[in-house]
Amino acid sequence: MPTTRTRSNTSRPPRAAKPVAPAPLHVVRESTIQGRGVFARTAIAKGTRIIEYTGEQVSHAEADRRYDDAAMQRHHTFLFTLTSRIVVDGFVGGSDARFINHSCDPNCEAVIDKREIWIEATRDIPEGTELAYDYGYVRDGTETAADERHYACHCGAANCRGTILAPKDPELPAEHHAKARHTDHVVG
Ligand SMILES: [Zn+2]
């Protein structure tokens, strides 16, 4: 399997989203999930585009060259698959979206619209709530027990599936398993 993983791409068409608010809707601070997290600076309505996930656009091969999850204590990259050819490396010039943690019971989702990745609220989010989306790291079917441990989830959600990897669901179309690598790099 690839040595690194990217956050998964959503295959659903983007919904009509509200315009991005002029002032930031988020703030970065320490998270109880892991490292730094991103929190709602104000109440955020369902469907709001909160922040764009930006960074340097590189090839999958370059992303693999840059990061080796297997050699890391935890999954610690900031990669998000945009297309089958392009990975966005949020560590290089990326927005605060790279700090958004994974949750198995998320209040946001990542939507790709015209080659842009946007984090959108899937619920009404109260002020002060940590933002999260489901990373759904791509599986390629060769995951070992060590891989499963490496990507274990501790999000604390009642419905936590126990892994940051995508659910094992053979019924899902291939796009759901599109390359996705991510990890929250080591932050202070
Ligand atoms: Zn979880």
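The structure is a predicted model, in which local features need pLDDT of at least 70 and side-chain atom pairs count only at pLDDT 80 or more, while totals for chains, interfaces and linings use all residues. Residues are numbered from 1 along each chain as its sequence is written.

## Pairing partners

Strand β3 (residues 49–53) runs antiparallel to β9 and is joined to it by 4 bridges; in this pairing Glu-52 stands opposite Trp-118. Two strands are taken to pair if DSSP finds at least two bridges between them.

Strand β8 (residues 108–113) also pairs with β9 in the antiparallel sense, over 6 bridges, and here Glu-109 stands opposite Glu-120. With 2 residues between them, β8 and β9 form a hairpin, and Lys-114 in its turn has a positive phi of about 50°.

## Nonpolar cores

A nonpolar core is a set of buried Ala, Val, Leu, Ile, Met, Phe, Trp, Tyr and Cys residues joined through C-beta atoms within 7 Å. The largest has 30 residues, of which Ile-50, Ile-100, Ile-117, Ile-119 and Leu-131 touch the most other members. The elements giving two or more residues to this core are β2 (36–40), β3, β5 (79–81), β6 (86–89), β8, β9 and β10 (132–133).

Apart from neighbours within four places in sequence, Ile-100 is in contact with Val-38, Ile-119, Leu-131, Ala-132 and Tyr-133, where contact requires C-beta atoms, placed from the backbone, to lie within 7 Å. A second, separate core of 7 residues includes Tyr-151, Ile-164, Leu-165 and Ala-166.

## The chain as a whole

The secondary structure comes to 2 helices and 10 strands, arranged along the sequence as β-β-β-β-α-β-β-β-β-β-β-α; helices (H or I, at least four residues) and strands (E, at least two) are DSSP runs numbered from the N terminus. Of the 188 residues, 41% count as buried, and among contacts with a separation of 6 or more, 76% are between residues 24 or more positions apart.

## A buried loop residue

Val-138 lies in the loop between β10 and α2 (145–150), and Val-138 counts as buried because 22 other C-beta atoms lie within 10 Å. Although Val-138 and Pro-167 are 29 residues apart in sequence, their C-alpha atoms are 9.1 Å apart in space.

Methods. Buried ≥ 20, exposed ≤ 12 C-beta atoms within 10 Å, placed from the backbone. Contact = placed C-beta atoms within 7 Å.
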